[in-house]
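Subject: Structure handover

Dear colleague,

My notes on it come after.

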Amino acid sequence: MAKYGAYGAILKRGVTTIAQVRDIGGPGISMDTIDVTTHDSTDAWREFIAGLKDGGEVSLDLVYDPDNASQTLLRTDLDARTVNTYSITLTDTTPAVITFSCLVTAFEVSASVEDELALSANLKITGEPVFT
C-alpha cells in the first residue's frame, strides 16, 4: 500500500492557484440520519434511514499576503456571496483531484507579535464534491 506526504497539495479557484496555503482540512463529508423508530420496532432498538448528505467544509490556513491577487479572491467571493468552483489537487501519483462548488464563509486575518501574518478561511461546499 502506497503512502504519500501532503506537501505539494494545491488549492485552486477555477484555474487560479491560491498562493501560500499552509494547511487544507476537508472536505468533511457527512450524512444525516432520520429516526424512524416506532412502537413496534424490534426489541426497543432505534431504527434509522439515510437522510441528506452534506459536502461539509474545507478549512484553510495561509501565510497572508494582502497584495496577493489569488488570496484576495477568497475575500471577493465572501463579499459577493457567490458560489465558485474550487479544487484540491493531492500529491499521489495520479494525482487525485477533489472539485467542489462552495461559498467562502470565513476570512480571518491574524497578526501575532512572534508569528507571520496569517489568514484562515472556510469554504462551505454546496452540492456534491467530486473525487477524480
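Predicted model: local features only at pLDDT ≥ 70, side-chain atom pairs only at ≥ 80, totals over all residues.

Residues are numbered from 1 along each chain as its sequence is written, and side-chain values use heavy atoms, with hydrogens and water left out.

Salt bridges

The structure holds 5 salt bridges, a salt bridge being a side-chain nitrogen of Lys or Arg within 4 Å of a carboxyl oxygen of Asp or Glu. As background, side chains of opposite charge can pair when their charged atoms come close.

One of the salt bridges joins Asp77 to Arg13, with 2.8 Å between the closest N and O atoms. Asp77 lies in helix α1 (residues 69–80) and Arg13 in strand β1 (residues 10–13), so this pair ties together parts that are 64 residues apart in sequence. Helices (H or I, at least four residues) and strands (E, at least two) are DSSP runs, numbered from the N terminus. Asp77 counts as buried, at 2% relative accessibility. Here buried means under 20% relative accessible area, exposed over 50%, and partly exposed in between (1.4 Å probe, protein chains only). Leaving aside residues up to four places away in sequence, Asp77 touches Arg13, Thr82, Asn84, Tyr86 and Val104, where contact means heavy atoms within 4.5 Å.

Another salt bridge is formed by Asp35 and Arg46, whose closest N and O atoms are 2.6 Å apart. Asp35 lies in strand β4 (residues 30–35) and Arg46 in the loop between β4 and β5 (48–54), so the pair ties together parts that are 11 residues apart in sequence. Asp35 is partly exposed at 37%, and Arg46 is exposed at 58%.

Arg75 and Asp79 also form a salt bridge, at 3.0 Å between the closest N and O atoms. Both lie in helix α1, 4 residues apart, which is about one turn of the helix. Arg75 is partly exposed at 41%, as is Asp79 at 46%.

Nonpolar core

A nonpolar core is a set of buried Ala, Val, Leu, Ile, Met, Phe, Trp, Tyr and Cys residues joined through side-chain atoms within 4.5 Å. The largest one has 17 residues, and those with the most contacts inside it are Val58, Leu60, Leu74, Tyr86, Phe100 and Leu123. At least two residues of this core come from each of β6 (57–63), β7 (84–89), β8 (97–111) and β9 (117–131). Not counting residues up to four places away in sequence, the contacts of Leu123 include Gly56, Val58, Leu74, Phe100 and Cys102.

Largest pocket

On a 1 Å grid over the protein atoms alone, a pocket is an open set of points where a 1.4 Å probe fits, with protein on both sides within 12 Å along at least five of seven lines; lining residues have an atom within 4 Å of a point. The largest pocket has a volume of about 370 Å³, the volume being the space filled by probe spheres set on the points, which are joined across faces, edges and corners. It is lined by 20 residues, of which Ala6, Gly8, Ala9, Ile10 and Ile24 lie nearest its centre. Strand β3 gives the most to this lining, with 4 residues.

Ala80 is found in helix α1 and is partly exposed at 43%. Ala80 and Glu114 are 34 residues apart in sequence and 33 Å apart in space, C-alpha to C-alpha.

Regards
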